[in-house]
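Please look through the model below with the packing of its helices in mind.

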Amino acid sequence: MRPFAYTAARTLGQAVEALADGGPGTKVLAGGTTLYDLMKLRIENPPAVIDISRVSELTRIDTSGAELVIGAGARMADVAEHPVVRRDYPALSESLWRAASQQLRNMATVGGNLLQRTRCSYFRGGSAFPCNKREPGSGCSAIDGIDRHHALFGGSQSCIATYPGDWAVALLAFDAKLDVVGPKTRRTIALADLHVEPGSTPQREHTLAADEIIVRIRVPKTAAGRGSTYLKIRDRESYAFALTSAAVGLTIGRRGVIEQSRIALGGVATRPWRVPAAEQSLIGEQLTEATARRAGEVAFAGAKAGHHNGFRIELGIRTVTEALMIARTRATR
Amino acid sequence: MDNALPAASAPAAVDLAFTVNGSPAKVAVDPRESLLDVLRERLDLTGTKKGCDHGQCGACTVHVDGRRVVSCLTAAVQVDGRAVTTIEGVEGPDGELHPLQQAFIDHDALQCGYCTPGQVMSGLACMAEGHTRDDAEIREYMSGNLCRCGAYAGIVAAIRETARRTGH
């Protein structure tokens, strides 16, 4: 690991100031489960690190208002098990407890989770493998390599690395917003505007400025939250990244008619991937195996398979179908 | 290797004060050092094991302020002022095994034993969290601890029995 200057911030103000003063490449350390791991692998080599794990004002969870307000420094485990999150947003809770292990969920923060980096083996594998994300212009080893876990949506000629997270996928389905602060800025952005597709600059993964910190995540309360689930299909039953996943939410009216639907896909795209056409296909319909399956097919209509990942198209269609059937039982309860 | 990167001098040491198994520990660390390495190499607490060193196997599981974490991905500087419990800290006052450790023996929950300290620390937290309602829940909440000998059936049985006997 490359040596770095270490600063522990006690307040958000100190953290913002230290980050602004830290110089190019300075990174924020929260739970450390991504950054410290990648520093060990010498994929991340920050000259300076600002530790925000003791900034208590970042850890608040407030469920009393018209939106869930979750501090970016709250730990994944605490949000997953929060009784109001479990009751009003099972998809959000499930997206957290179906990720990582309890040890990692006790460490990792819900803000840091949004910015976790891809698990592409070529990216993590270091200099033995060309990787445009790690070393711009060096090429992509995955496009003609082992692309079993790589993206079906949103890839480019430069990069097909999958966005690995679950939480951001569930948040995307429910129109979450982020409050962000920098030395001269204080702004709110839609989660939908946080992550970007790789295009010709796969090293750029999000729209935050280098001196900005995520302060809190806000999720508007909606009835579709209660009628929701996050279904994640993995190579093993637990503690693995998604082959496919779906965050879905439904509201169903008196005569069984779908009034509202939300569908976002995880594990299959270069960023969290919402599928409005699939959502729209359900409005005004009854939810049956057939309409659910059709929504899954619409969701995956634009999927682009590589060499070894085509099986995840049918798997993804079935994931959406099953997720909708689970959500129906909650929406009509 | 480090030499492939631009030359840089060793960073300033950071003074840490925390407790390990109830006793105060003071140590000056390089900010790069993991809690795992500090426990094993500086404090001679070698019960905590290094498996993958990347947060994927759970062999290095310890408790920080009562919560289980992987010590390999915990920068030591982050435990300043906190309370760390390792496998060396779970025995009874006269050195007797913790009931969960005895249950691991009774249920053949280990073969080579390398993952066992991490399994026990994770199992203790699993019980304290209340994630022992049934075998499926135990498996889900123990999934961060791999056992390459495949002693999983015994591990689940040991946790199930100990949770029931101790009222978790």
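In chain B, helix 2 passes helix 5 in a right-handed crossing, a crossing being right-handed if the near helix is turned clockwise from the far one by less than a right angle, and left-handed if anticlockwise. The model is predicted, with local features needing pLDDT of at least 70, side-chain atom pairs counting only at pLDDT 80 or more, and totals for chains, interfaces and linings using all residues. Residues are numbered from 1 along each chain as its sequence is written, while chains are lettered from A and ligands numbered from 1 in the order in which they are written.

The contact (C-beta atoms, placed from the backbone, within 7 Å) is made by Pro99(B), Leu100(B), Ala103(B) and Phe104(B) of helix 2 of chain B and by Ala158(B), Glu161(B), Thr162(B) and Arg165(B) of helix 5 of chain B.

Turning to the whole chain, chain B has five helices and five strands, where helices (H or I, at least four residues) and strands (E, at least two) are DSSP runs numbered from the N terminus. Along the sequence, chain B reads β-β-α-β-β-β-α-α-α-α. The C-alpha atoms of chain B fill a box of roughly 55 × 35 × 25 Å along the principal axes. Of the 168 residues in chain B, 42% are buried, a residue being buried if 20 or more other C-beta atoms, placed from the backbone, lie within 10 Å of its own, exposed if 12 or fewer, and partly exposed in between. Among contacts in chain B between residues at least 6 apart in sequence, 57% join residues at least 24 apart.

Note on methods:
Contact = placed C-beta atoms within 7 Å.
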